[in-house]
Amino acid sequence: MAVTPTQFARTTRTSANWNDAKRRVLAAYREWIRAAPEIQTMYSVPFPVSVIRTRMRQEFERHRFVNKLPVVDVLLMQNNAEYQVSLLSAPSTTTYREHTLRL
């Protein structure tokens, strides 16, 4: 699948309220979950997609109890950047598994 760098571009913005932040976080979570098969193929991860999705969920759960809206916005910006890098950059000698899937 050919991807263009602008395909995953997101404008940097702040959440208007908690409902907006919740909607943005759920959208980011769904993007990662949908990208799990592509990540498995691209980085040759030797785990099933279900394990990759579980690890992704754990990363989102880690920040579940953040209670400051500006912090949520920063986490969303970092999430967007990491998502772009994960799907646009070619795998390097250090595998995705070594950085992200520390099981």
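The following legends describe close-up views of a predicted model.

**View 1. Aromatic pair between Y29 and F60.** The structure holds 2 aromatic pairs, and one of them is formed by Y29 and F60.

**View 2. Aromatic pair between W32 and Y83.** W32 and Y83 form an aromatic pair with edge-to-face geometry, the centres being 5.1 Å apart and the planes 75° apart. This pair, too, links distant parts of the chain, joining W32 in helix α1 to Y83 in helix α3 (residues 69-88) across 51 residues. W32 counts as buried because its relative accessibility is 5%. Y83 is buried as well, with a relative accessible area of 8%.

**View 3. Packing of helices α1 and α3.** Two packed helices are described by the angle between their axes and the distance between the axes. For α1 and α3, the angle is about 20° and the axes are 10 Å apart. The helices are therefore roughly parallel, a class that applies to angles under 35 degrees. The crossing of α1 and α3 is left-handed.

**View 4. Residues at the contact of α1 with α3.** On the α1 side, the contact includes W18, A21, V25, A28, W32, A35, I39 and M42. Facing them from α3 are residues including L69, V72, L76, Y83, V85 and L87. Charged residues also take part, among them R24, E31 and E38 in α1 and D73 and E82 in α3. By class, the contact comprises 15 nonpolar, 2 polar and 5 charged residues. W32 and Y83, the partners of the edge-to-face pair, both belong to this contact.

**View 5. L87 and its place relative to A35.** L87 is located in helix α3. With a relative accessibility of 6%, L87 counts as buried. L87 and A35 are separated by 52 residues in sequence, while their C-alpha atoms are 8.3 Å apart in space. Both residues are listed in the contact between the helices, A35 on the α1 side and L87 on the α3 side.

Notes
Residues are numbered from 1 along each chain as its sequence is written. This is a predicted model: local features need pLDDT of at least 70, side-chain atom pairs count only at pLDDT 80 or more; totals for chains, interfaces and linings use all residues. Side-chain values use heavy atoms; hydrogens and water are left out. Rings of Phe, Tyr and Trp (its six-membered ring) pair if their centres lie within 6.5 Å; planes under 30 degrees apart count as stacked, over 60 as edge-to-face and the rest as tilted. Helices (H or I, at least four residues) and strands (E, at least two) are DSSP runs, numbered from the N terminus. Buried means under 20% relative accessible area, exposed over 50%, partly exposed in between (1.4 Å probe, protein chains only). Axes are lines fitted to C-alpha atoms, for helices over the stretch in contact, and angles run from 0 to 180 degrees between N-to-C directions. Angles under 35 degrees count as roughly parallel, over 145 as roughly antiparallel, 65 to 115 as roughly perpendicular and the rest as oblique. A crossing is left-handed if the near helix is turned anticlockwise from the far one by less than a right angle, and right-handed if clockwise. Contact means heavy atoms within 4.5 Å.
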